[in-house]
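I want to go through the charged pairs, the nonpolar core and the helix packing.

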Amino acid sequence: MRIPAPAGPASPASAHGPRTAAGAHLPGLERFNTAAHSAATAALLSCCGSRRWARRVAAHRPYPDLGSLLAAADEAGYDLSTADLDEALAAESSSGLHPTAPAAAHTALRAAHAAYEASFGHAFVICLDGFRSDEHPDQVLAGIRSRLANDPDEERVVAAEELRRLARARLAHVVAGRPGDP
């Protein structure tokens, strides 16, 4: 989701706008900080489907740097109620494979997702940061297989952590101006 450029003057976060924790200027963070509340909330909902999470993160703007924004997103993620987590998980969809992947791989992944969703009632979520894109299918299948052994309460804890990690990664991409990457 793209955050529109603000209509008015920039936020006084610093003389040159928000920065990453390492100090690099982030115009996407500046746009996020100064966007209308509804636009910021919509961008946040593309990162995590909990309306309470999105409103909470949006309400604490402006953020001086990416680290502060991600810390606020984490804190809001740790505070999700059962209903908030259900809402966020309901907004997720199971990932697929590249269309050129072999038919057997598509069948195996569909079957694994179906088994997971039948067991836990929501899409399988996993953050694949740190893995190359060619490793993603194997990581998803291995993750589903290992997590199918979890009891429902244990899996909710794991899913909540993966959702928090996904939201962080998606949010970092949104403010970096690359919303479709994760």
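Below are my entries, one topic at a time.

**Ground rules.** I am working from a predicted model, where local features need pLDDT of at least 70, side-chain atom pairs count only at pLDDT 80 or more, and totals for chains, interfaces and linings use all residues. Residues are numbered from 1 along each chain as its sequence is written, and side-chain values use heavy atoms, with hydrogens and water left out.

**Salt bridges.** I searched the whole structure and got 13 salt bridges. The cut-off is a side-chain nitrogen of Lys or Arg within 4 Å of a carboxyl oxygen of Asp or Glu. As a reminder to myself, side chains of opposite charge can pair when their charged atoms come close.

I looked up aspartate 84 next, and its salt-bridge partner is arginine 52, with the closest N and O atoms 2.9 Å apart. This pair links distant parts of the chain, with aspartate 84 in helix α5 (residues 82-90) and arginine 52 in helix α3 (residues 51-59), 32 residues apart. Helices here are DSSP runs (H or I, at least four residues), numbered from the N terminus.

Is aspartate 84 buried or exposed? Aspartate 84 has a relative accessible area of 9%, so I put it down as buried. Arginine 52 is partly exposed at 35%. For these labels, buried is under 20% relative accessible area, exposed is over 50%, and partly exposed is in between (1.4 Å probe, protein chains only).

Glutamate 75 and arginine 56 also form a salt bridge, at 3.0 Å from N to O. They too link distant parts of the chain, 19 residues apart: glutamate 75 sits in helix α4 (residues 66-78) and arginine 56 in α3. Both ends are partly exposed, glutamate 75 with 47% relative accessibility and arginine 56 with a relative accessible area of 22%.

Arginine 132 counts as exposed at 52%, whereas glutamate 135 is partly exposed at 24%. I also found a salt-bridge network that links Asp74, Glu161, Arg164 and Arg168.

**Core.** Which residues touch the most other members of the largest nonpolar core? I got Phe32, Leu44, Trp53, Val57, Leu69 and Leu171, out of 40 residues in that core. Such a core is a set of buried Ala, Val, Leu, Ile, Met, Phe, Trp, Tyr and Cys residues joined through side-chain atoms within 4.5 Å. Helix α8 gives the largest share, seven residues.

Leaving aside residues up to four places away in sequence, leucine 44 touches Phe32, Trp53, Ala54, Val57, Ala58 and Leu171; contact means heavy atoms within 4.5 Å.

**Helix packing.** I checked α4 against α8: their axes come within 10 Å and cross at roughly 150°. Axes are lines fitted to C-alpha atoms, for helices over the stretch in contact, and angles run from 0 to 180 degrees between N-to-C directions. That makes the two helices roughly antiparallel, a label for angles over 145 degrees, with under 35 roughly parallel, 65 to 115 roughly perpendicular and the rest oblique. The contact includes Asp74 of α4, and Glu161, Arg164 and Arg168 of α8.

Then I took α2 and α3, which pack at about 130° with axes 9 Å apart, and are therefore oblique to each other. Leu44 and Leu45 are among the α2 residues that meet α3, where Trp53 and Val57 are among the partners.
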